[in-house]
Each structure stands twice: as structure tokens, then as C-alpha cells.
Amino acid sequence: MDAAALLDENAALKAELAVARAKASEDMALIAAQKLQIAKLQRQIYGQKSERSARLLDQLSLELEELETSATEDELAAERAVAKTTTVAGFERKRPERDTFPDHLPRERVVTEAPKACACCGGARLRKLGEDVTRTLETTPRQWKVIETVREKFTCRDCEKITQSPAPFHVVARGWAGPSLLAMIVFEKFGQHQPLNRQAERYALEGAPIALSTMADAVGSVCAALEPLLRLVEAHVLAAERLHGDDTTVPVLAKGKTDTGRCWVYVRDDAPFGGAGPPAAMFYYSRDRRGEHPQGHLSTYSGILQADAYDGYNRLYLAGRAPGPIHEAACWSHARRPFFAMADIEANARRKAAGKKEMPLSPIAMEIVRRIDALFAIERSINGKSPEERLAVRRNESRPLVDALRTYMREQVAKLSRGHDLAKAMQYMLKRWPAFTLFLEDGRVCLSNNAAERGLRGIALGRKSWLFCGSDRGGQRAAAMYSLIVTAKMNGVDPQTWLADVLSRIAAHPAHRLDELLPWNWRLAAPRASALAA
């Protein structure tokens, strides 16, 4: 065999290998896509089974991202290899159907230059038969502009008095920034966790340098302008029949170190029991975790509080408390976690594969998790129904399971030492049994406190970006803006668009009609507001 034949055979083998690798990559990407789709559908149908489900979706999404990227690279490599030989069939991926582009996006029609003559005979008598259209999604980089607002002066020829239209209101003194820019700065800082110094660097590279001190001044002006809306959100939250409460740590800058502050959240979410009140969240900041803080936050509240077993809440549950009693509702998800940690077979397998020490699995913990999951399955079937309907189902289906679980835990805890982790987890529930079983007496109570934990999720993500709050005042500002941004998200409103529109209107808006600017009411005017913001 001559050298040329050897080269051709070598090229053919390489092409076949590249095509096989591309097919294998395509199959792996397809499997990953199907796994992600199944996980999303299961989450949609059955709800959030545990805190692991969100992490599982993130992991599957990342896996799909990597495999899709690899499949494309292998497809292009196969094309290049096949082009060097004539004996190997080409390979083309069967890509999933692309989502249709939204109708509201503007269209720009670009028509390529038509041929002047026939490619076959060279004739010039061409007639249009039709057209093929390829749609491509494109974006325009952010554009900066300076708006010059001119107020002309006029003098009266009769009395020589000067007349001029009044100056428009600006959220920031001297009006150096428009509402859309202010909304972007504030939302990037509090909603996307981008500190002002990083924003300033990016804006400078885009040709619009803004001093850090100037941006900080703008944030203060926006917080002051939105204070009336914040008070309305607070009143709405504290008027709820049932609240979710929780807190998380917030590092605060101190002299030569960082202290650990606290960010508290109280969430109103009436949807699980069919309530008509719109959802909202109210955040507060404190330097420490003393019980006086939640007691002060809820000093005017009476109703149901779903929270963990923090001792600082205890005074709120006193029978003779003014203005009225607060009923404690415990979180079954919180109680389930230590049992799940001792029953997670998958996590133990991962630890073993990574060479880490395995955690001892407990059949008792597995049984308790199974029983608690059965309660959550019942809850998913009655989510969104009226309190009366929920209560009827719970008394018929949930109460026997709860009574059996209590009996089982009492039997098992008697066999274990006091210091055993499993005994501690069971005693945590048994000592607070009235709070854990309040859902059997009141249809408004939820089984978990996940609504509050979702509200705090953004802060947990933000800590990795901004590292710490600069001061106590900074923590208070952050809590105020979190309240407005999270409330907007809970009502399906784009926070940045909402902020831009509100900042452009709030000065001239009648004080007795400020509730029209709240996220759940503003949604009705969203098309008009979006046009103004644009």
C-alpha cells in the first residue's frame, strides 16, 4: 500500500472516530436534557420534596450545560475530520426544538442582496418565487446618553416679570441621574449583589465614569424617596393572618474585623390557604440576635407565626400578650433535616466515592423521613384550597399519621441515650408537639417555613459577592431595599422596571394614592410603565 493510500485510510479512521465521539456526546447531552426535564416536571407536579431538590436541578442544569457544549465541539471536530475524506458519511446533531422568539420583541428585517442573473444559464429574467427566513436573537450593548432638560425663560413686555416653567422633580439633587439609571444602580447593588465599586469599574469601561461617592449618594436618595412605600409594605405584611419568620447572619464591618449581624424576614403568603392577600416580605437588620429584636418587629402583630424554635420568640407566645396572642407553628421541614442527614443514602455514597468518612445510616431515621414525607404528600394535594377544606383532609388523613409518628418516636427515643443525635432530633419535636400539630387545628397553617427561607436565599448568595455590610446603617438600607425587591419578585414584577417607573412618578403621585405604586397594584399599569421606563 502506497503512502497516499495510507494517509487516506488514516484520515478515514480519524473521521470515523470523530463521528462516533460526536454521536456519543449527542446521546449523553440528550440523556442529560431528559433528566433535567423529568426533574422539573416532578418538582412541578409533586412540589418541593426536600431542600435537596433545588440543588439537584442546579446540578442537572450544570451537567446539561457541559455536555451540550462538549457535543457541539465534537460535532465541529467531526465535520473537520469528515471534510478530509470522501469515504465517511457526515454527522449532524439532532438539536432540540428551539423556543419560539417572544412576539413582543422588535423585528429587524435584513434582506440579502438578490442575485442579478441565473446561476445556471446566466439569464437576467428572474422572478421572485418565495423566501427563506432565518431568525437570530441579538442584543444591543447598553447605550448611555445625556438628557438635557431645557426650561426657557420669558419676560413679560407689559410688566417685565420673568416667567419660567417649574423645575421637574429629581430623586437625586440637581438631577444628575435619571430614574432608569438610579433603578439599575440600586437593583444591581441589592438585587444582583454587585457592590458599587464593581459597578463603577464596569460603567467606566463603557465610557460613563461615575464616582463611587456619587453613586453612594444616589443610593441614599433612592432609599429616602422609597421610604413611604416601605411603610406601606410593612403595614401589609403585619396585617397578615399568618406570617413566616426567619433570620440569617450578615457580616458587618467593624474596627479591624467583621462582626456578625442579623437580617430578619417576615413573609406574608396567603396563597397556600387560598387567601386573597398579595404576597410580600419585610426585612429588618440588627447588630445581634437578641430576642428583643423580633419582639420589637412584631410588637403590633397577632396571629400565627411559623418559625424555628428560637428562644427569642418565646415572649411572643405568652397568653396575656398585648395586642393579642401569637400562635406558634413549627416547621416540619426544619425538623426533618437531621433525620434526613442520617438517612441520605446518596450523600453517603458520594462521601464514600470521594474518600471521606461515611456517616452511619439509621433505619429509624429512614422510617421517620418516610412518615414525614407522607404528610407532605397530603399537603401537596390540598395546597391552595380553603382553610376549611384543608382542615377536613388533615383531620381525616394527616392526624392518624401524626399520632402514629408520635407513638413511634416515643418508643424509639426510650431505647437511645440522651446524647445520641437521633434522640436529640426526636426530642426537638416531642417537646414542641403542640406547635408541630397546630396545622391539625387551623387550616391556614403550613407544614413548613420554606417561604421565609426562600426570602433569605438572596442574602445567602449575596454574602459571597459583597462579603460584609459597611455599617449598621448600611444593613438597615439593605433590609429596606430587600423588602421592596423581594416583594416585587413575589408578585411577578421585574424589580428594576418597577423601581424605574416608581422613581419617575412618586414625587408627583398623590400621597393618599401611594398604594397604587405597590408591586401588586402596579402590575395593572405595567404596559404603560414599561413604555415609560424604556
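In which helix does Gln 295 lie? In this predicted model, Gln 295 is part of helix H7, which spans residues 292-297. Apart from neighbours within four places in sequence, the residues in contact with Gln 295 are Gly 312, Arg 315 and Leu 316. For Leu 316, which is 21 residues away along the chain, the C-alpha atom is separated from that of Gln 295 by 6.5 Å. For Gly 312, the backbone oxygen lies 3.1 Å from a polar atom of the Gln 295 side chain.

A further element considered here is the packing of helix H3 (residues 179-191) with helix H5 (residues 212-225), whose axes are 10 Å apart and meet at an angle of about 95 degrees. H3 is therefore roughly perpendicular to H5, as angles of 65 to 115 degrees are classed in this way. On the side of H3, the contact is made by Leu 182, Ile 185, Val 186, Lys 189 and Phe 190, while H5 contributes Met 215, Ala 218, Val 219 and Val 222. Sorted by class, this contact of H3 with H5 comprises eight nonpolar residues, one charged residue and no polar residues.

Backbone geometry was also examined. Most residues other than glycine have a negative phi, and most peptide bonds are trans. His 193 counts as buried, since its relative accessibility is 11%. Glu 160, which is likewise not a glycine, has a positive phi of about 65 degrees, and is placed in the loop between strand S1 (153-155) and strand S2 (162-164). Glu 160 is classed as exposed because its relative accessible area is 65%. As for the peptide bonds, the one that joins Ala 322 and Pro 323 is cis, with omega at about 5 degrees, and Pro 323 is found in the loop between strand S6 (303-306) and strand S7 (326-329).

Helix H15, formed by residues 472-490, contains 19 residues, and the distance from its first C-alpha to its last is 27 Å, close to the 27 Å expected at 1.5 Å a residue. Just after H15, a positive phi of about 70 degrees is taken by Gly 492.

Terms used: Residues numbered from 1 in each chain as written. Predicted model: local features only at pLDDT ≥ 70, side-chain atom pairs only at ≥ 80, totals over all residues. Heavy atoms only, no water. Axes fitted to C-alpha atoms, helices over the stretch in contact; angles between N-to-C directions. Helix = DSSP H or I, 4+ residues; strand = E, 2+ residues; numbered from the N terminus. Parallel < 35°, antiparallel > 145°, perpendicular 65-115°, else oblique. Contact = heavy atoms within 4.5 Å. Nonpolar A, V, L, I, M, F, W, Y, C, P; charged D, E, K, R; others polar. Expected span 1.5 Å × (residues − 1). Polar contact = N/O pair within 3.5 Å; in protein donor to acceptor, adjacent residues only side chain to side chain. Buried < 20%, exposed > 50% of the residue type's maximum accessible area, 1.4 Å probe, protein only.
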